[in-house]
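My notes follow in the order in which I looked things up.

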Amino acid sequence: MGNDQQRRQFADGLLSGLIDTGFVKIINHGLEKSTLDEVFAWSKKFFEQPVEKKNEVANEPGPKPEHFDLGPANDAEFPNRWPESCELEGFRPFMEALYEKGNNICLALLAALESSLGLRPGSLEERAIPNAADLRLTHYPEISIKEMRSGRTSRIAPHSDWGIITLLFQDSTGGLEVEDRTRPGAFFPVEPVDTTEMIVNAGDTLMRWTNGRVVAGVHQVTIPEGLKNRSEVVLPERYSVAHLFKAQRQVSIAPLSQFITADEPAKYPDISALQYHKQVQNLLFT
Ligand SMILES: O=C(O)CCC(=O)C(=O)O
Ligand SMILES: [Fe+2]
């Protein structure tokens, strides 16, 4: 990871990117192109299975996005579920290895954030491991532009992620957009220049820990830029891979003492990561 000066530059660039826009793109992240090609190939293979097979482990298919989520391998509370079909032999070891690689990248990014935020080394990491991430494969089935415009179905409505940071890889379809902080409510596209590009975004937990110094990046998935002026087109299917890196369930996501001052008292309550996840889930599903 370079010499001290390069590490400092990287850490400062990461923090200022997250503060300015909520997002950064990283190209030399350590995941090989072949690994990324392979995860997209596995995802396609997984979602192309017949509905009954997918239903064993994924949520309902339809025009809405379908997910496959992978948590920690040794999680007794929410154990991972694996497809049984022989065509997917090799899926599990590949995904488990990718999960570990995603965690390692996130830990390196947390170390950089500890340094640029002036926090004690390890102080973010110890709040995140073990039980810290969901590796999520998402398939957005093809959908007519009319259906998208009707508002009955969206790909993903504007939201911020709940965890600390998210690593995101997208295929070449397009449609990912990030809120423009200079014009609230307006979004700009994050064009898929190269599928090996890694997008890092700040989540709600990082925003709360830093008492709002880093603001979570609001994003959505909608009609790809090049198709926006068409009226009859069918949007092609889309795949993405997200590594949602979260705090341990019992850890508090209250602002850390370093970010609380007389001028800036704590803006967020002292609740655990799990309580927070339940709260947002209730808001979304009730
Ligand atoms: O599919 C994408 O590009 C974004 C997915 C996403 O935002 C999420 O799963 O939270
Ligand atoms: Fe997201």
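The entries below go from the whole chain to single residues.

**Entry 1: overall**

I note at the start that this is a predicted model. I counted 8 helices and 12 strands in the protein. I then checked the radius of gyration. A compact globule of 286 residues would have a value near 19 Å, and the protein has 19 Å, so the two agree. Along the principal axes, the C-alpha atoms fill a box of roughly 55 × 45 × 45 Å. I find 32% of the 286 residues counted as buried. I also looked at contacts between residues at least 6 apart in sequence: 74% of them join residues at least 24 apart.

**Entry 2: strand 6**

Is strand 6 covered or open? Strand 6 spans residues 165-170 and is mostly covered, with 6 of its 6 residues buried. I sorted the side chains by direction. I165, L167 and F169 point one way. T166, L168 and Q170 point the other way. Residues in both sets are buried. In a regular strand the side chains alternate between the two faces of the sheet.

Which strands pair with strand 6? I found strand 9 (residues 198-202), antiparallel over 4 bridges. In that pairing L167 stands opposite V200. I also found strand 12 (residues 238-245), again antiparallel, over 6 bridges. Here Q170 stands opposite S240.

**Entry 3: the core**

I looked up the largest nonpolar core next. It has 51 residues. Those with the most contacts inside it are C106, L109, I165, V200 and F245. Helix 4 (residues 91-116) gives the most to this core, with 8 residues. I165 belongs to the set I saw pointing one way from strand 6 together with L167 and F169. V200 is the residue opposite L167.

What does C106 touch, leaving aside its neighbours within four places in sequence? I list A133, I165, L167, H243 and F245 as its contacts.

**Entry 4: ligand 1**

I listed the shell around ligand 1. The residues are R136, T138, I156, D161, L168, Q170, L176, H219, V221, S240 and A242. They divide into 5 nonpolar, 4 polar and 2 charged. Which strands each supply at least two residues of the shell? I find strand 3 (133-140), strand 6, strand 10 (219-221) and strand 12. L168 and Q170 are both in this shell, and they point the same way from strand 6, along with T166.

**Entry 5: strand 7**

I traced strand 7 (residues 176-179) next. Strand 7 pairs with strand 10 in the antiparallel sense over 3 bridges. In strand 10, H219 is the bridge partner of V178. On to strand 8 (residues 187-189): 3 bridges join it to strand 7, and the two run antiparallel. Here I noted P189 as the bridge partner of E177.

**Entry 6: K45**

K45 lies in helix 2 (residues 33-47). Why is K45 partly exposed rather than buried? I count 15 other C-beta atoms within 10 Å of K45, whereas a buried residue needs 20 or more. Leaving aside its neighbours within four places in sequence, K45 is in contact with E87 and L88. K45 and L88 are 43 residues apart along the chain, and their C-alpha atoms are separated by 7.5 Å.

Key
Residues numbered from 1 in each chain as written. Chains lettered and ligands numbered in written order. Predicted model: local features only at pLDDT ≥ 70, side-chain atom pairs only at ≥ 80, totals over all residues. Buried ≥ 20, exposed ≤ 12 C-beta atoms within 10 Å, placed from the backbone. Pairing = 2+ DSSP bridges. Core = buried A, V, L, I, M, F, W, Y, C linked by C-beta atoms within 7 Å. Contact = placed C-beta atoms within 7 Å. Near = placed C-beta within 6 Å. Nonpolar A, V, L, I, M, F, W, Y, C, P; charged D, E, K, R; others polar. Rg over C-alpha atoms; globule rule 2.2 N^0.38 Å.
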